[in-house]
Amino acid sequence: MSEHRHEESHVIEYGNYIFIWLGLLAFTGITVTVSGIDFGNWTIVIALFIACVKSWYVLNYFMHMKYEDKVFKLFIVTALVTFIIFLGFTFWDYSFVR
Amino acid sequence: MAKTAMPEEKVEPSYLEVSTNKYKKGILSWILSVDHKRIGIMYLFSMMAFFTVAVFFGFLIRLELIAPGRTIIDAQTYNQLFTLHGIIMIFLFIIPGLPAVFGNFFLPIMIGAKDVIFPRLNLMSWYMFVFGGLFAVASMLLPGGSADTGWMFYVPYSVRTNTNVLPALIAAFILGFSSILTGLNFITTIHRMRHPDMSWFKMPLFVWSLYATAWIQVLATPIIGITLALVGIERVLGVGIFDPALGGDPVLYQHLFWIYSHPAVYIMILPAMGVVSEIIPVFSRRSIFGYKFIAFSSLAIAFFGSLVWAHHMFTAGMSDTAQFVFSFITYVVSIPSAIKVFNWLSTMYKGSIKLDPPFLYVMSFIVQFSIGGFTGLMLGALSLNIHLQDTSFVVAHFHYVMFGGTGFGIFAAMHYWLPKMFGRMYNLKVATWAWGIVTVGYNALYMPMFIMGYLGMPRRYYDYLPQFQPYHVASTIGSWILIIGLIIMFTNLWIGMRKGPKTSMNPWGGETLEWKIQTPPILENFREVPDIHAGPYDYSKYETKKETTK
Amino acid sequence: MSSTEYAAAYPAHRDDYGSRMGMWLFLFTELILFGGLFIVYAVYRYMHQQEFHMAAQELNTTIGLTNTIALLTSSMTAAMSITAMQKGNVRFSKGLIWITIGFAFVFMVNKFFEWSAKIQHGIFPGSKDLLAKPNGEILYFGLYYVMTGLHTLHVIIGVIFFLFILRQIKQGKIHSTRYVRLENSALYWHLVDLIWIFLFPLFYLIH
């Protein structure tokens with residue numbers, strides 16, 4: 001359980017960042033294009049899905065989460081689950097007849 | 001006891017004498033100090049100042065209610081008093097109470113560390129605490145009258161009233177931020193600063209409870225921050241967010257408010273449970289029963305406690321599905337709390353119990369917390385809730401948990417740890433008497449509220465029907481007894497800290513690390529690396545037969 | 001107990017790992033802070049779908065898109081400045097931080113023009129034109145101002161962080177073996193970017 005007191009820095013090359021950046025721009029392009037098409041209720045789902053994918057890349061590469069210890073990953077899952085619970089449980093109220 | 005000073009090889013100057021900055025003495029050597037122990041003491045005194053004020057407000061509220069109609073103050077003042085009583089007690093006393101005072105002082109010691117990991121951030125949280133407190137005071141003193149919304153700031157009234165709601169909102173916002181920084185500091189400290197031999201399951205249970213608390217502080221407090229900020233923005237700029245006139249939904253405000261404020265109840269109670277788990281083994285001379293269950297039930301309470309907020313809103317007009325779900329989970333959250341109570345009682349079984357003041361306060365805690373918990377289940381039941389919502393039954397319930405539970409937990413912690421913090425012992429006999437008076441007064445104050453609430457006395461009402469008067473009189477007399485007890489208790493502690501007999505390294509015979517260092521502790525706590533081989537509550541030397549509990 | 005043993009048990013105060021952990025915990029509070037606003041947004045959008053749709057037509061997608069690209073790019077340069085610092089290329093690292101700050105200003109200038117245009121059209125909290133609109137649109141613009149406003153405040157804080165970092169690099173407090181403060185500031189900057197990734201489709205792309 002206990003984390004080691006280690007300090008190894010992981011150097012990520014410039015090229016990788018540019019690669020991720022291009023990907024993010026591409027996803028931005030897709031989300032703008034897709035928003036013009038009417039999918040009904042699915043529009044927001046698609047938009048949020050793409051936003052989640054983009055965040056995943058930012059988190060893992062720009063924010064180095066991929067190279068961090070397990071504890072950090074556990075932390076971030078805790079935080080996200082908490083937020084999803086806050087959001088989801090509120091909808092126990094709103095998505096049913098009041 | 002306490003007079004048999006252990007023959008210590010050498011006595012180094014304690015943290016009370018050694019400054020961490022260039023100011024050797026005086027106020028600056030304290031308010032600029034980054035030593036976790038000094039910061040804990042600073043929290044203690046600033047917190048007690050606010051507590052005194054809020055107790056006085058509570059006293060006035062009770063006095064007003066001794067007879068129907070106007071007794072000493074008018075209705076508007078009454079509304080402002082119960083608002084201030086709530087804001088100060090909750091944000092300035094109970095929430096910071098145990099973590100900021102005793103957590104700051106003892107958490108690093110208990111895990112074998114020199115300090116918290118971010119000492120300067122720690123000092124900054126204290127400044128934010130004081131700063132937030134000043135805003136609360138400002139809302140009292142500025143022209144316009146202090147806030148009269150209740151501590152919940154329910155919209156739309158909080159957007160429309162002309163009183164000083166804004167300073168009160170800012171106060172709560174800043175205090176929330178202070179609480180977040182303390183929580184962040186504690187989590188990182190527990191992960192990073194533990195002594196290499198201090199594995200997770202060798203940590204004292206107080207540390208576990210602080211860990212669970214810290215997570216709630218970090219993850220739930222921002223919600224109240226943004227919600228109160230939204231109310232402030234709505235008040236000042238007229239942005240449409242919660243005001244129904246602009247399309248807003250006041251029930252959404254209540255959701256957001258309770259998303260934080262229900263877990264906040266666990267921010268308040270969990271550390272008190274940790275204190276109880278510390279004190280019971282020491283005064284029973286028994287290893288704690290079910291260490292892991294108590295440790296994990298803290299985390300379970302923190303988790304399930306975050307899923308039950310809407311049980312405060314059953315009569316606010318939610319969907320039936322939501323009512324059902326939240327009522328159900330409310331019942332689930334009682335399980336880990338009950339686990340703790342059972343484990344405490346099992347620890348005492350066949351122990352050699354010593355009825356010193358800290359243990360007496362813990363006994364009151366267990367009884368009163370159980371009453372508070374059971375009435376909480378009554379309130380969590382949908383059908384009964386309709387009957388009891390917004391009556392003084394609710395007031396009695398949460399005072400039983402918050403004051404009878406956490407408040408007594410804080411008193412227990414004071415009697416347990418203050419001799420360590422100041423190196424002097426208070427008068428045990430006086431302390432025992434004070435405990436008796438406080439407990440009697442406390443129950444006389446709140447027990448009648450259960451009855452009259454059940455009979456239909458609404459909460460927060462300025463006036464009432466004559467038939468409720470006997471209960472109100474009993475309750476008000478209880479408040480006097482309680483205040484007399486509090487005065488005796490604090491005077492005794494104060495005199496003890498100043499002039500009491502010097503105490504030994506380990507006056508109670510505790511086994512956790514704070515009892516193995518000098519009294520009062522030296523600047524960086526440990527003269528040499530402590531030897532951590534057994535768990536935190538190893539009383540095997542007192543126990544006749546081999547125990548199977550860890 | 002020898003002093004060396006003591007030193008081994010209590011390593012020097014510097015703990016980069018711990019600093020990053022503290023920063024992440026702080027980022028979670030920021031995340032939940034905005035999370036509260038996203039909950040409000042989700043509920044009101046659910047209640048007023050049509051009006052949110054109508055109100056979103058008022059926003060200019062091009063400005064939103066420009067800002068998205070500005071933030072994504074600045075996020076990349078911020079991340080690169082760490083690589084440069086790790087490689088000991090201090091000058092390049094500083095340059096990348098300046099570029100990041102530059103993009104932040106592009107973002108803010110854009111935002112400034114966007115808001116002034118809105119205010120000129122009479123759409124601002126409490127204005128007559130806005131109050132004449134249906135409830136859902138009032139809520140939409142209320143949230144628009146609060147959420148993008150709070151986000152811009154975070155952009156400004158991020159810039160202040162980076163200015164501090166530049167000063168500390170100059171003072172030699174941040175260098176190729178000690179750069180955790182740069183890492184933490186970059187983390188903060190990425191969070192600002194992350195939030196915008198969600199704000200952009202939620203406000204500009206409801207068509």
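Close-up 1. The model is predicted. The crossing of H7(B) and H2(C) is right-handed.

**Close-up 2. Residues in the contact of H7(B) with H2(C).** H7(B) contributes Trp215(B), Val218(B), Leu219(B), Pro222(B), Ile223(B), Gly225(B), Ile226(B) and Leu230(B). From H2(C) come Leu25(C), Phe28(C), Thr29(C), Ile32(C), Leu33(C), Gly36(C), Leu37(C), Ile39(C) and Val40(C). By class, 14 of these residues are nonpolar and three are polar. No charged residues take part in this helix contact.

**Close-up 3. The interface of chain B and chain C.** Here 44 residues of chain B are in contact with 37 residues of chain C. The area buried between the two chains is about 3200 Å². Carbon and sulfur atoms give 76% of that area. In chain B, Arg192(B), Ile226(B) and Val529(B) lose the most area to chain C. Together they make up 17% of what the chain B side buries. Ile226(B) also belongs to the H7(B) contact with H2(C).

**Close-up 4. A salt bridge between Asp15(C) and Arg192(B).** The two side chains meet at 2.9 Å, N to O. One salt bridge is found across the interface of chain B and chain C. Arg192(B) is also among the chain B residues that lose the most area to chain C.

Technical notes:
Residues are numbered from 1 along each chain as its sequence is written. Chains are lettered from A and ligands numbered from 1 in the order in which they are written. This is a predicted model: local features need pLDDT of at least 70, side-chain atom pairs count only at pLDDT 80 or more; totals for chains, interfaces and linings use all residues. Side-chain values use heavy atoms; hydrogens and water are left out. A crossing is left-handed if the near helix is turned anticlockwise from the far one by less than a right angle, and right-handed if clockwise. Helices (H or I, at least four residues) and strands (E, at least two) are DSSP runs, numbered from the N terminus. Contact means heavy atoms within 4.5 Å. Ala, Val, Leu, Ile, Met, Phe, Trp, Tyr, Cys and Pro count as nonpolar, Asp, Glu, Lys and Arg as charged, and the others, Gly among them, as polar. Buried area is the accessible area (1.4 Å probe) that two parts lose on being put together, summed over both. A salt bridge is a side-chain nitrogen of Lys or Arg within 4 Å of a carboxyl oxygen of Asp or Glu.
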